[in-house]
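User: I would like to go through this structure with you, beginning with the charged side chains and then moving on to the helices. Please keep the answers plain.

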Amino acid sequence: MNIAPAIAPAPLAGPRANQSPAALRRAAREFEAQALAALLQPMFQGLDTKAPFGGGPAEGQWRPMLVDAIAKDLAKAGGLGIGEAVLRELTRLAGLPPQGDQAAGTSSPSSTQRPTP
């Protein structure tokens, strides 16, 4: 018995050479926000529904939005560095010249170090 799919799956679309660096930065930041949201989601699973917002079924509906907002803010503020790695790879796949960490819209440890006295 052959269980091969009847229709071959479409190949995943990669970055195109005509994409702007800003679009690649945005995609990398959005990817990092999604990864952070997945990491933050378990933080809210153990909370009693009486806190922090008063409980009820509506709170369960709003929690994913709260987690997404927190994750987006974390990614915008520099995140974990996932966005920088994703941006470097997207830039390479698009055939664009490499950009520094500041182009990722994140702060790298080397750019945030304090000057030595």
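**Salt bridge, helices and cores**

Analyst: The structure, which is a predicted model, holds one salt bridge.

User: Which side chains meet in that salt bridge?

Analyst: The side chains of R92 and E89 meet there, at 2.4 Å from N to O. Both residues lie in helix α3, three residues apart, which is about one turn of the helix. Side chains of opposite charge can pair when their charged atoms come close.

User: And is R92 buried or exposed?

Analyst: R92 counts as exposed because its relative accessibility is 53%, and the cut-off for exposed is over 50%. E89, at 35% relative accessibility, counts as partly exposed.

User: Staying with α3, what about T91?

Analyst: T91 is found in helix α3, which covers residues 82-94. T91 has 4% relative accessibility and therefore counts as buried. Leaving aside neighbours within four places in sequence, T91 is in contact with L24, L96, P97 and P98.

User: Let us step back. How many helices and strands are there?

Analyst: The protein has four helices and zero strands, so along the sequence the pattern reads α-α-α-α. Of its 117 residues, 23% count as buried. The accessible surface comes to about 8,500 Å², and 62% of that belongs to carbon and sulfur atoms.

User: How much of the contact pattern joins residues at least 24 apart?

Analyst: Among contacts between residues at least 6 apart in sequence, 69% join residues at least 24 apart.

User: Now α1. What span should its 25 residues have?

Analyst: At 1.5 Å a residue, the 25 residues of α1 should span 36 Å. The end C-alpha atoms of α1 are 37 Å apart, which agrees.

User: Where does the kink in α1 lie?

Analyst: A kink of about 30 degrees lies at L39, shortly before the proline P42.

User: Which residues of α1 are buried, and what covers them?

Analyst: The buried residues of α1 are L24, A28, E32, A33, L36, A37, L40 and F44. Their cover includes α2 and α3.

User: What about R29?

Analyst: R29 also lies in helix α1, and a relative accessible area of 30% makes R29 partly exposed. R29 and A77 are 48 residues apart in sequence, with their C-alpha atoms 10.0 Å apart in space.

User: Same question for α2: what span should it have, and where is its kink?

Analyst: Helix α2, residues 57-76, has 20 residues and should span 28 Å at 1.5 Å a residue. The end C-alpha atoms of α2 are 30 Å apart, in agreement with that figure. The kink in α2, of about 30 degrees, lies at R63, shortly before the proline P64.

User: Which residues of α2 are buried?

Analyst: E59, R63, V67, A71 and A75 are buried in α2. What covers the buried residues of α2 includes α1, residues 21-45. An α-helix has 3.6 residues a turn, so residues three or four places apart point the same way.

User: Which residues make up the largest nonpolar core?

Analyst: That core has eight residues in all: A33, L36, A37, L40, F44, V67, A71 and A75. Helices α1 and α2 each supply at least two residues of this core, and α1 gives the most, with five. Apart from this core lies another one, of six residues, among them A28, V86, L90 and A94. In soluble globular proteins, nonpolar side chains tend to be buried together.

User: What does A33 touch?

Analyst: Not counting residues up to four places away in sequence, A33 touches A71, K72 and A75.

User: Last topic: where does Q99 lie?

Analyst: Q99 lies in the loop between α3 and α4, the latter being residues 109-112. Q99 is partly exposed, with a relative accessible area of 26%.

User: What does Q99 touch?

Analyst: Q99 touches P21, R25 and L87, not counting residues up to four places away in sequence. The C-alpha atoms of Q99 and R88 are separated by 7.4 Å, although the two residues are eleven residues apart along the chain.

How values were computed
Residues are numbered from 1 along each chain as its sequence is written. This is a predicted model: local features need pLDDT of at least 70, side-chain atom pairs count only at pLDDT 80 or more; totals for chains, interfaces and linings use all residues. Side-chain values use heavy atoms; hydrogens and water are left out. The expected span of a helix is 1.5 Å times one less than its number of residues. The bend at a residue is the angle between axes fitted to the seven residues ending there and the seven starting there. Buried means under 20% relative accessible area, exposed over 50%, partly exposed in between (1.4 Å probe, protein chains only). Contact means heavy atoms within 4.5 Å. A nonpolar core is a set of buried Ala, Val, Leu, Ile, Met, Phe, Trp, Tyr and Cys residues joined through side-chain atoms within 4.5 Å. A salt bridge is a side-chain nitrogen of Lys or Arg within 4 Å of a carboxyl oxygen of Asp or Glu. Accessible areas come from the Shrake-Rupley method with a 1.4 Å probe; for residues, only the protein chains shown count as cover.
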